[in-house]
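I opened my notebook to record what I looked up today, one entry at a time. Come along and check each item on screen.

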Amino acid sequence: MNVLNIKQSILGQPWRWRMLETDARDPGFAPDDLVTQLLLARGCPRDALEAHKAPSIRAFMPDPSIFRDMDRAADRLADAVQASEQVAVFGDYDVDGATSAALMILLLRDLGLEARPYIPDRLMEGYGPSGAALVRLKDEGASLIVTVDCGAQAFEALEMARVAGVDVVVVDHHKCAAALPHAHALVNPNRLDEVEGAAHGHLAAVGVAFLLGAALIRTLRARGYFTARAEPKLLDLLDLVALGTVADVAALKGLNRAFVAQGLKVMAQRRNIGLNALITASRLTRAPTSTDLGFALGPRINAGGRVGKSDLGVRLLTTRDPAEAERIAVELDRLNEERRAIEGIVQEAAEIIAATKSNHAVIVVAGRGWHPGVIGIVAGRLKEKFGRPALVIALDEMGVGKGSGRSIPGVDLGAAVLAAKEHGLLVAGGGHAMAAGLTIAEDRIEAFGDFLAERLDATVARAMGDRALLLDAVLTASGVNPTLVAAMEAGGPYGMGWPQPRVVAGPVRVIKADIVGNGHVRAIVSGDGGGTLKTVAFRQADTALGQALLGAPPHRKLWLAGRAKIDDWGARPAAELHLDDAAWAD
């Protein structure tokens, strides 16, 4: 059923209720009923409401042993701890990789073992473990290497490590092929031979690393390791799990909800010296929220791998020195600003090319000289603008392209990229449903685009045909207030797979509208009952929505759809609406 009978909004989409039961369409429900309704509308079973209202690790944590190779991995790590072996942790350069590596390093440190971090340089080494790097770590003394957030497709590298005589434990979550690379243990819920563990395929790598940590502690407990020393408090590392999970856009359902809900509580205590410094550098004066993890803290950790030194994130998250933490956090903040400038240049060029391919099932754009550190972000921007999966490829002077893609709900981009690799179109590639990465020769890009079109055209068409703006409530303008925001937050944490509540406010008249920042439209609106409401439409100045707000005549009324947030810049907190769409009310 269409909300307010709106079949085509200003942005050309119908408005529908997120949930179709009658009580979901009642704008007069009380806050407690609102929380229940938000949970039900996001797929929570009625008999699991209480567990989802206060998601705990105990309620959602599986037995780690259900995952293939988990016990084998835990046994090998326990051997290394008890024998004081030299262990190296090989991570990816993004937030999930940095938090996964930091979690393993901090846990092993608490167990009495100082592990060595190794994060490859994004530009010089690329994604994932190389054979040369693994053999070098072995030659420098490592008898065990743990790869985190990478390794599921590292066939050649892991074979070189095997020949060199070093054990490798792979902790990953990316899509796997039917054949697996040789490793001492390969823990990945997305292995095709997983059974019970497959239900947790939405975990980020840092979540898988946490489960391995639990298995390791249990193994050492059974061996009597803690008779003379205290057990590590694994739950104290949930701040890292929350950060990596949200930043990797993992679906916030099941165990991930518990990870983020409890991790935010740990983060609010600011126990991790590096995270504490990063929160300060991000100019956050309150306890971080799930949104802050994705838009404030995550991008700064990522900036080291994108345009700076790849290991800055791990160094920050594992340092014992507050002064060092402050220096790294400030540097990451500076690099994040540099990243934004580079991103703007690449995005402008990519959008020009993408406009000529806006009717393709998957938008594939390539450019020479584009910085590979920002292509994932730009792909996300293109996906948002054109409403379909997008891949952005940065070509170097040798004609080798590094690509990154972002998808839309219902389209498994990672599986498509893996299939393209198996068809010989890619040098390397993989990912998960919503994001993928690849390496490709320039002369194969056109064939790769054709392959994606043939494979995904029908799937994308279905996903786009089902496109509608899903809404949770209709309110007056004055109904968008701090009490409402607080009530809705009780249904969180929100993120991928557990979307933030979206409400309609109105009807309203636009009192004032102007462009602020980088193409954002700010509008002050007034409802029939008096009072005003501040609204912001991010990056919409050149869209139909932005133009409607800027040019709205004083006599015409609008319904505004968006997410209610707290604006805490003023003397006292006030509510504002971050707009996703609008529709004329008359």
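**Entry 1**

Are Tyr-225 and Phe-226 buried or exposed? I found that both Tyr-225 and Phe-226 are buried. A reminder to myself: this is a predicted model.

**Entry 2: helices H4 and H8**

Next I looked at how two helices pack. H4 covers residues 70–83 and H8 covers residues 205–222. Their axes are 8 Å apart, and the angle between H4 and H8 is about 60°. That angle makes H4 oblique to H8. I noted the crossing of H4 and H8 as right-handed.

Which residues meet there? On the H4 side I listed several, among them Met-70, Ala-74, Leu-77 and Val-81. On the H8 side my list includes Val-208, Leu-212, Ala-215 and Leu-220. Sorted by class, the contact of H4 with H8 has 12 nonpolar, two polar and three charged residues.

**Entry 3: Ala-78**

I stayed in helix H4 and picked Ala-78. Its relative accessibility is 0%, so Ala-78 counts as buried. Setting aside neighbours within four places in sequence, I found Ala-78 in contact with Leu-216, Thr-219, Leu-220 and Arg-223. I also checked a distance along the chain and through space: Ala-78 and Gln-269 are 191 residues apart in sequence, and their C-alpha atoms are 30 Å apart.

**Entry 4: Thr-245**

Where is Thr-245 found? I located Thr-245 in helix H9, which runs over residues 238–247. Thr-245 counts as buried because its relative accessibility is 0%, and the cut-off for buried is under 20%. Not counting residues up to four places away in sequence, Thr-245 touches Ala-204, Val-206, Ala-250, Leu-252, Asn-256 and Val-260.

**Entry 5: helices H16 and H17**

Then I moved to another helix pair. H16 spans residues 413–422, while H17 spans residues 445–465. I noted an angle of about 130° between H16 and H17, with the axes 10 Å apart. H16 and H17 are therefore oblique to each other. H16 passes H17 in a right-handed crossing.

From H16, the residues taking part are Leu-413, Ala-415, Ala-416, Val-417, Ala-419 and Ala-420. They meet Phe-448, Phe-451, Leu-452, Arg-455 and Leu-456 in H17. By class, I wrote down 10 nonpolar residues, no polar ones and one charged one for the contact of H16 with H17.

**Entry 6: Gly-401**

I finished with a strand. Gly-401 sits in strand E9, residues 400–406. With a relative accessible area of 0%, Gly-401 is buried. What does Gly-401 contact, leaving aside its neighbours within four places in sequence? I found Ile-393, Ala-394, Leu-395, Leu-438, Thr-439 and Ile-440 in contact with Gly-401.

How values were computed. Residues are numbered from 1 along each chain as its sequence is written. This is a predicted model: local features need pLDDT of at least 70, side-chain atom pairs count only at pLDDT 80 or more; totals for chains, interfaces and linings use all residues. Side-chain values use heavy atoms; hydrogens and water are left out. Helices (H or I, at least four residues) and strands (E, at least two) are DSSP runs, numbered from the N terminus. Buried means under 20% relative accessible area, exposed over 50%, partly exposed in between (1.4 Å probe, protein chains only). Contact means heavy atoms within 4.5 Å. Axes are lines fitted to C-alpha atoms, for helices over the stretch in contact, and angles run from 0 to 180 degrees between N-to-C directions. Angles under 35 degrees count as roughly parallel, over 145 as roughly antiparallel, 65 to 115 as roughly perpendicular and the rest as oblique. A crossing is left-handed if the near helix is turned anticlockwise from the far one by less than a right angle, and right-handed if clockwise. Ala, Val, Leu, Ile, Met, Phe, Trp, Tyr, Cys and Pro count as nonpolar, Asp, Glu, Lys and Arg as charged, and the others, Gly among them, as polar.
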